[in-house]
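Here are my notes on this model, point by point. Have the viewer open as you read.

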Amino acid sequence: MRVKVAIIGSGPSGLLLGQLLANAGIENVILDRASKDHILGRVRAGVLEEGMVHLMDEAGAGARMHAEGLPHDGISLAFDGRDHRIDLYGLTGGKRVLIYGQTELTHDLMNRREASGGISVYEAENVTPHHFAGKSPYVTYEKDGITHRIDCDFIAGCDGFHGPSRKSVPEGAIRTFEKVYPFGWLGVLADVPPVNHELVYANHPRGFALCSMRSNTRSRYYIQCPLDEKIEDWSDERFWDELRRRLPEHHAEAVTTGPSFEKSIAPLRSFVAEPLRFGRLFLVGDAGHIVPPTGAKGLNLAASDVHYLFEGLMEYYGDGSTAGIDAYSARALSRVWKAVRFSWWMTMMMHRFPETSDFDQKIQEAELDYLTHSSAAATALAENYVGLAY
Ligand code: FAD
Ligand code: DHB
């Protein structure tokens, strides 16, 4: 088979890129190691920046997102027993975020792809990019015991942090930057009404907590936990008790509990690979960078990468210019590093670290106090949270 672009990975970045290209008449194929059901069973992000929302519309997959997503104009920072609202809308000249689960977004993109006749291969084994340093790259994979080869002009590595794309780059050609945080997030999903109409990010001596949602009847909650914590040790009851202890009293009293139907622990990490382009291979989304979830940026960064790469490929197929694809890595990384900084800063400000000195603790408290008394500081948070311009 021959296509213009071979896309490895059917997560949000691969599906979004695939649909934008398909709409522009640029043939592509998507290969994923996992099954469709497995991908749709993953519970991940829930906060969309306006840039991501526009790209979903551009892909022609935005209808359900607009109908069911919840626009949010603010978030709450809870600490020291009080609650401080950050007025995202007011501080950014009218920008807001949309609450819509990654699972739903992925579903919508898969449906759109199916309706437009795009080719996706699921449960593809040993997916491997080849010869991307030269002019004739190709990707091989195995399915049902048969090896297949896809020749292409370009390979988009949209295969997440553990995928084969980044790993196939020769060691000397790539530089990586990493910070691992000494805790994880234990998250649950439950069909109970959210505790607050907006998200609550809580800093508490027992650790961070986040009250989020997927709808007016479905809540998503997270609490900071040690990395060696075992999910089996967390009954629903224990989770609800711990969550309530970390929230200011008025929120704690308003928590509606119920059986959870998803519970998992995610480690926190900052990671960036440079560059994001190697000849005819591009790294996109989590394949090229990871942020801790505190700033709600992982999925949104995948979207901005897709935007820059799509523009570059359009230019290439439109008038033969390589200017856009040549600029991809630098343009994407410039935005990535700002989101890495913001996610790191939010993580440092909101969590309790095992080795925190009294000095560090005082600095954290001063940071939160400053945010609540300075509109300049609150504006800096707000403009990053709603997403920096592409
Ligand atoms: P992915 O969604 O990881 O998609 C990559 C795809 O590549 C997958 O479908 C995978 O099956 C496929 N793949 C992997 N290996 C291979 C292979 N060998 N061959 C073929 N295909 C392969 N972000 C937030 O903003 N908020 C959150 O709360 C949040 N929670 C998260 C929780 C977890 C556990 C994780 C892992 C991430 C979370 N993120 C969160 C980050 C966010 O979900 C990601 O940034 C987003 O999924 C990136 O999309 P992507 O398409 O680049 O990568
Ligand atoms: C969600 C996750 C985040 O990391 C975040 O900062 C906000 C919301 C969520 O899953 O809803």
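1. For the ligand shell, a residue is near a molecule if its C-beta atom, placed from the backbone, lies within 6 Å of it. By that rule 31 residues surround ligand 1, and the closest are Gly9, Gly11, Gly160, Gly285 and Gly298. Helix 1 (12-23) and helix 10 (298-319) each supply at least two residues of this shell; helices are DSSP runs (H or I, at least four residues) and strands likewise (E, at least two), numbered from the N terminus.

2. A word on provenance: this is a predicted model, with local features needing pLDDT of at least 70 and side-chain atom pairs counting only at pLDDT 80 or more, while totals for chains, interfaces and linings use all residues. Residues are numbered from 1 along each chain as its sequence is written, with chains lettered from A and ligands numbered from 1 in the order in which they are written.

3. Now strand 5 (residues 75-79): 4 of its 5 residues are buried, that is, 20 or more other C-beta atoms lie within 10 Å of their own, C-beta atoms being placed from the backbone. Strand 5 runs antiparallel to strand 6 (residues 82-86), with 5 bridges, and parallel to strand 14 (residues 199-203), also with 5 bridges. Phe79 sits opposite Arg82 in strand 6, and Ser76 opposite Val200 in strand 14.

4. Ala156 is worth a click. Its contacts (C-beta atoms, placed from the backbone, within 7 Å) are Val5, Ile7, Gly14, Leu17, Phe282, Val284 and Leu309, not counting residues up to four places away in sequence.

Technical notes
Contact = placed C-beta atoms within 7 Å. Buried ≥ 20, exposed ≤ 12 C-beta atoms within 10 Å, placed from the backbone. Pairing = 2+ DSSP bridges.
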